[in-house]
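Colleague: I would like to go through some of the labels used for this model. For each one, please tell me what it rests on.

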Amino acid sequence: MSLARGLYSTALTLLSPLIWQRVWREHDDRHSRLERLGILPATPAAAPDRERPIWLHAASLGEMVMMASAIEALRRRYPLRPLIVTTMTATGAAQAARLLHTPEGTPELAPARHHYLPLDFPCSARRFVSRLRPALVVLVETELWPNLIASCARQRIPVSVVNARLSPRAFTRYRKVGALMRETLSQVSALTAKAPEDLERFIALGLPAARGKTVGSLKFELEISPQAVAAGKGLREQFQGRRVWIAASTHEGEDALMLDAHAAVRARHPDALLLLVPRHPQRFETVAAQSASWCESRGETCLRRSHMHAESRLEKSRLSVLVGDSLGELLALYAASDVAFIGGSLVPIGGHNLLEPAALGLPLLSGPSLENFSEIAEVMTAEGALQVVDDAEALAEAVNTLLEDESQRQRAGQAARERVARNRGALAGTLRQLEDLLPS
């Protein structure tokens with residue numbers, strides 16, 4: 001083990017109490033916590049090389065949603081190869097379960113299953129890689145785990161990084177551990193970046209230039225399922241023709257701003273409904289309580305999506321806020337809305353996925369913190385699909401204007417949908433790179 005990786009592993013061990021705290025929260029009953037140490041419930045049987053699994057790792061829900069088209073394409077193109085998907089978070093695990101479901105009557109497909117990624121301790125990584133014995137490892141975006149990648153290199157397993165992205169801020173952080181990054185990136189077999197500047201940063205950190213290629217963003221490859229659209233239509237019917245705006249993927253500090261903006265929206269549109277969807281499930285209770293208290297102070301009502309049923313008959317004029325606390329329904333909630341604000345942007349988080357509401361033809365609103373989606377935000381702004389607002393007052397004014405002007409809503413929504421359609425193509429380039437790495 002190199003000095004750089006040894007220091008990294010030591011630091012990881014020292015931080016393990018804090019890491020285990022997070023692991024303890026990110027858990028579901030379908031998996032043992034021992035998976036985090038690379039211990040699988042059963043060791044998969046050895047398979048011939050042509051049937052060894054493809055292992056794809058995506059950190060959380062957003063990455064899993066983005067990879068839906070790629071997962072479907074891999075299963076279609078390599079039906080004999082089992083697919084192993086790992087995630088770090090419980091929300092990512094829930095999305096993986098939905099994507100990996102094999103309908104009855106398709107016995108020609110090899111099995112697919114989900115595990116949690118082991119913590120990047122040397123022994124855990126080695127044990128996990130040895131038991132899976134994958135033909136190819138696919139890491140999404142910046143999931144560069146040094147011990148895991150070193151374990152793959154030791155066993156001559158190719159590693160591909162897809163939709164690779166590296167913001168200027170992350171690049172500065174990684175340069176502080178330059179020796180570790182050079183070693184790790186030298187063991188990556190191939191990397192497809194979403195933009196030329198991302199590729200340049202990876203090469204500057206140590207990726208051999210010949211192993212990198214820019215193919216565009218896989219985020220543009222998303223497909224909106226007819227089921228999500230139908231579910232959104234059903235919700236719209238329950239809303240009985242009201243004006244609806246959604247604040248999605250909000251973080252701590254943003255929810256109060258959304259409620260402040262909603263007060264100004266309701267002042268001009270008393271029937272307006274806010275769909276408030278926190279980014280993380282562990283905040284559902286807090287945001288629901290905050291929203292209920294806010295509504296009560298105004299003589300209005302708040303409802304949690306998990307408590308809403310098709311047969312419910314509510315005082316629609318008093319229902320002011322619907323808190324989205326059900327996993328896997330964000331697309332349906334977008335489909336039920338007229339205007340979308342994407343959170344993580346009025347607080348210094350860097351923004352979240354703009355493309356899901358764009359693909360549904362919604363006009364987009366965001367705060368100024370968009371570092372994680374800067375190139376997409378620039379394009380959407382230039383097309384007139386995205387407005388950037390600085391505070392709750394500006395957000396309320398933008399929402400009110402869009403709710404009042406149907407032609408402007410349609411122009412912005414159509415521009416967003418067309419931009420998504422024009423930028424597809426990254427999936428084909430990514431699949432060509434993976435084909436080159438898979439043993440025949």
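Colleague: What span does helix 12 reach from its first C-alpha to its last, and what span is expected?

Modeller: This is a predicted model. Helix 12, residues 255–268, has 14 residues and reaches 20 Å, close to the 20 Å expected at 1.5 Å a residue.

Colleague: Which residues of helix 12 are buried, and why are they said to line one face?

Modeller: The buried ones are Asp255, Met258, Leu259, Ala261, His262, Val265 and Arg266. Seen down the axis of helix 12, they fall within an arc of 165°, so they line one face of the helix. Among the elements that cover them are strand 8 (244–250), helix 13 (284–297) and helix 17 (392–404).

Colleague: Why is His31 called buried?

Modeller: Buried means under 20% relative accessible area. His31 has 13% relative accessibility, so His31 counts as buried. His31 is placed in the loop between helix 2 (16–25) and strand 1.

Colleague: What makes the pairing of His31 with His114 a polar contact?

Modeller: The cut-off for a pair of N or O atoms is 3.5 Å. The side chains of His31 and His114 make their polar contact at 3.1 Å. A polar contact of 3.1 Å also joins the side chains of His31 and Glu35.

Colleague: Why are strand 3 and strand 7 said to stand at the edges?

Modeller: The open sheet has seven strands in the order 3-2-1-4-5-6-7, with parallel pairing. Strand 3 (112–116) and strand 7 (212–214) each have a single partner strand, so one side of each is left without a neighbour in the sheet. The twist averages 20° from one strand to the next.

Colleague: How do you know that strand 1 and strand 4 pair?

Modeller: Pairing needs at least two bridges. Four bridges join strand 1 (residues 54–57) to strand 4 (residues 136–140), so the two strands count as paired.

Notes
Residues are numbered from 1 along each chain as its sequence is written. This is a predicted model: local features need pLDDT of at least 70, side-chain atom pairs count only at pLDDT 80 or more; totals for chains, interfaces and linings use all residues. Side-chain values use heavy atoms; hydrogens and water are left out. The expected span of a helix is 1.5 Å times one less than its number of residues. Buried means under 20% relative accessible area, exposed over 50%, partly exposed in between (1.4 Å probe, protein chains only). The arc is that of the directions from the helix axis to the C-beta atoms. Contact means heavy atoms within 4.5 Å. Axes are lines fitted to C-alpha atoms, for helices over the stretch in contact, and angles run from 0 to 180 degrees between N-to-C directions. A polar contact is a pair of N or O atoms within 3.5 Å; within protein, one must be able to donate a hydrogen and the other to accept it, and residues adjacent in sequence count only if both atoms are side-chain atoms.
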